[in-house]
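Here is a short report on one protein model. Look at the sequence and the 3D view first, then read on.

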Amino acid sequence: MSEIKRVAVTGANGYIGYHVVQELLSQNYEVIAVDLTNDSIDPRAIFKAIDIFSELNSASNEKSIYEELGKPDLCIHLAWQDGFKHDSHRHMENLSNHYRFLLQMIEAGCSNIAVMGSMHEVGYWEGKIDENTPCNPLSQYGIAKNALRQSMIQLSKSLPFQLYWLRAYYILGDDAKNHSIFAKLVQAEAEGKTSFPFTTGKNQYDFIDIHELAIQIVAAVTQSKITGIINVCSGQPVSLATRVEQFIKDHHFKIQLDYGRFPDRPYDSPITYGDAEKIQSILLTANTKGGL
């Protein structure tokens, strides 16, 4: 891997992108922040108001998308429409555009490509998930992410680039923005509600704070010894009830969980979490070098 200096981040104004841009800037990388709006993007980044899919379809575009983005050493592709709507038709409709964008970046000269993956590529699985865990996604979102992952791995066998597939799990933090149960709790507390309808809360998941996720993403994609599928995660299964109760305590909320109001969904795994061996090795090396 050549030295990384300039990094393009697509979806830079999004839930994850905002934090990744901040982490890159804190480590003195030059950041090209790519999105349609920039209300949350750090002004130290170079903002590019580009619809990357429209650029692909522009017959009058004389520059490659790679040139439009300043010929970055690394592209972190986070852009993804309807990421919180798992059965949206947009996932499959946009799949070929994601592939075409990444292919054009690679063919034009971008030698390092990182793409945001998801535990939803895997589908139902009980236990630890690693790069060899079979995938059987159960939503349009998971199907599209899995197909893009498979196509990028295949592409890496014939074209000269480093691929980082960053598989995320249950993200929390910035909780008014993430559409999760934590966001709903924040809203319910703000509305003065005293109870919150809940399941049994027994299911165990891999939770990671958005700030820690950004640290892991930047560490993973700015080294070259470990590539391919990398779980960006805690590696520790925690029950939903434990994590939500902790969230309520940490935020000094008065609201209480009403256990058993909703049944546990039969298609939710009782326990699923990421194998953190790769990311922990990366973080250890980064810390040893003083990179974090």
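Is Asp42 buried or exposed? The model is predicted, and in it Asp42 is buried, with a relative accessible area of 11%.

## Asp42 and its loop

Find the loop between β2 (30-35) and β3 (46-49); Asp42 sits there. Its side chain has a polar atom 2.8 Å from the backbone nitrogen of Arg44. Asp42 also touches Gln22 and Leu25, with residues up to four places away in sequence not counted.

## Pro72, another loop residue

Pro72 belongs to the loop between α3 (65-68) and β4 (74-77). Pro72 is buried, and its relative accessible area is 1%.

What does Pro72 contact, leaving aside its neighbours within four places in sequence? The list is Arg6, Val7, Ala8, Tyr66, Met105 and Cys110. Now look at Gly109. Pro72 and Gly109 are 37 residues apart along the chain, yet 8.8 Å separates their C-alpha atoms.

## Asn112 in a strand

Asn112 lies in strand β5, which covers residues 112-118. Asn112 is buried, at a relative accessible area of 1%. The side chain of Asn112 makes a polar contact of 3.2 Å with the side chain of Ser111.

Strands of a sheet pair through backbone hydrogen bonds, either parallel or antiparallel. Here, 3 strands make an open sheet in the order β8-β10-β12, and the pairing is mixed. Which strands are at the edges? They are β8 (170-172) and β12, each pairing on one side only. On average, neighbouring strands of this sheet are turned by 55° against each other, direction ignored.

Take one pair in detail. β10 and β12 are antiparallel and share 3 bridges. Gln204 has its bridge partner in β12, namely Ser239. Helix α8 packs on the sheet, where it touches β8, β10 and β12. The direction of α8 makes about 75° with that of β12. Another helix, α7 (residues 210-221), lies across β8 and β10 and runs at about 80° to β10.

## Helix α8 and its buried face

Helix α8 spans residues 240-250, and its buried residues are Leu240, Ala241, Val244, Phe247 and Ile248. Why do they line one face of the helix? Seen down the axis of α8, the buried residues fall within an arc of 125°, so they line one face. An α-helix has 3.6 residues a turn, so residues three or four places apart point the same way.

What does this buried set pack against? The partners are α6 (181-190), β10 (204-209), β12 (237-239) and β13 (256-258). Just after α8 comes His252, with a positive phi of about 55°.

A disulfide is a covalent bond between the sulfur atoms of two cysteines. How many disulfides does a search of the whole structure find? It finds 0. Cys135 is in no disulfide, and the nearest cysteine sulfur, in Cys233, is 15 Å away. Seen from Cys233, the closest cysteine sulfur is that of Cys135, and 15 Å is too far for a bond.

Cys135 is partly exposed, at 25% relative accessibility. Cys233 is buried, with a relative accessible area of 0%.

Methods
Residues numbered from 1 in each chain as written. Predicted model: local features only at pLDDT ≥ 70, side-chain atom pairs only at ≥ 80, totals over all residues. Heavy atoms only, no water. Helix = DSSP H or I, 4+ residues; strand = E, 2+ residues; numbered from the N terminus. Buried < 20%, exposed > 50% of the residue type's maximum accessible area, 1.4 Å probe, protein only. Polar contact = N/O pair within 3.5 Å; in protein donor to acceptor, adjacent residues only side chain to side chain. Arc of directions from axis to C-beta. Contact = heavy atoms within 4.5 Å. Pairing = 2+ DSSP bridges. Axes fitted to C-alpha atoms, helices over the stretch in contact; angles between N-to-C directions. Disulfide = S-S within 2.5 Å.
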